[in-house]
Amino acid sequence: MRIGHGYDVHAFGEGDHIVIGGTRIDYTQGLVAHSDGDVLLHAICDALLGAIAAGDIGKHFPDTDAAYAGVDSRELLRSVVERVHEKGYRVENLDSTIVAQAPKMATHIGAMVSCIAQDLQVERDAVNVKATTTEKLGFVGRKEGIEAYAVVLLVSR
Ligand SMILES: Nc1ccn([C@@H]2O[C@H](COP(=O)(O)O)[C@@H](O)[C@H]2O)c(=O)n1
Ligand SMILES: C[C@@]1(CO)OP(=O)(O)OP(=O)(O)OC[C@H]1O
């Protein structure tokens with residue numbers, strides 16, 4: 001049994017939507033990133049890589065590599081899940097938290113859970129996604145960016 005934790009943050013910038021948890025949400029800004037900026041999937045990748053002691057997302061998919069420019073982070077997640085399986089583990093469950101003053105995530109959580117469960121190759125009830133504001137405190141509260149945290153438990157296949 002192995003546990004892993006992941007964290008990521010992306011700043012708001014130009015754009016008219018964000019992609020989070022594999023789900024597009026229309027918004028007045030986008031997230032600045034080399035990839036599609038999916039802060040939640042990046043935190044999940046880091047939790048999985050952490051659980052198998054394989055470093056972090058930047059080590060496997062460097063943001064200096066043009067191959068990952070604008071990449072769909074679901075592709076990165078599926079690649080990390082393959083690595084987890086190769087190591088002899090599968091995902092038992094995942095819990096995660098999006099920290100965002102805006103946009104509102106609630107109506108999109110179900111779609112995120114479906115995407116994540118599909119990519120992790122688990123049932124939907126093995127995946128939880130929560131969202132919270134910071135009550136207008138700090139950089140998140142000033143709507144400068146979004147944070148995400150993830151914790152994953154792996155068991156032998
Ligand atoms: N970006 C967000 C933030 C929060 N939610 C939902 O609102 C609830 C209350 O949030 P507080 O930060 O005021 O405690 C929270 O539990 C989420 O259900 C959201 O959908 N999107
Ligand atoms: C995902 C990668 C690769 O495109 O780039 P970004 O989208 O900038 O995201 P970050 O969370 O900084 O993580 C690692 C990167 O290697």
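The legends below describe close-up views of a predicted model.

**View 1. The largest nonpolar core.** This core holds 44 residues, and those that touch the most other members are Leu40, Ile44, Cys45, Leu48 and Ile98. Two or more residues each come from the helices α1 (39–51), α3 (73–86) and α4 (109–120), and from the strands β2 (17–20), β5 (89–99), β6 (127–132) and β7 (145–156). The element that gives the most is α1, with ten residues. In soluble globular proteins, nonpolar side chains tend to be buried together.

**View 2. Surroundings of Cys45.** Cys45 is among the core residues that touch the most other members. Apart from residues up to four places away in sequence, Cys45 touches Gly6, Ile57, Leu76, Leu77 and Val80.

View 3. An unreviewed UniProt entry lists Asp8, His10 and His42 under "binding site". The three span 35 residues in sequence, but no two of their C-alpha atoms are more than 10.1 Å apart, so they gather at one spot.

View 4. Asp8 lies in strand β1, which covers residues 2–13. Asp8 counts as buried because 22 other C-beta atoms lie within 10 Å, where the cut-off is 20 or more. With neighbours within four places in sequence left aside, the contacts of Asp8 are Val39, His42, Ala43, Asp46 and Ala148. One of these, His42, is also listed for the binding site in the UniProt entry.

**View 5. His10 and its contacts.** His10 is found in strand β1. His10 is buried, with 21 other C-beta atoms within 10 Å. Not counting residues up to four places away in sequence, His10 touches Leu31, Val32, Ala33, Gly37, Val39, Gly145 and Ile146.

How values were computed:
Residues are numbered from 1 along each chain as its sequence is written. Chains are lettered from A and ligands numbered from 1 in the order in which they are written. This is a predicted model: local features need pLDDT of at least 70, side-chain atom pairs count only at pLDDT 80 or more; totals for chains, interfaces and linings use all residues. A nonpolar core is a set of buried Ala, Val, Leu, Ile, Met, Phe, Trp, Tyr and Cys residues joined through C-beta atoms within 7 Å. A residue is buried if 20 or more other C-beta atoms lie within 10 Å of its own, exposed if 12 or fewer, and partly exposed in between; C-beta atoms are placed from the backbone. Helices (H or I, at least four residues) and strands (E, at least two) are DSSP runs, numbered from the N terminus. Two residues are in contact if their C-beta atoms, placed from the backbone, lie within 7 Å. UniProt positions are given in the numbering used here, feature names are shortened, and annotations may be inferred rather than shown by experiment.
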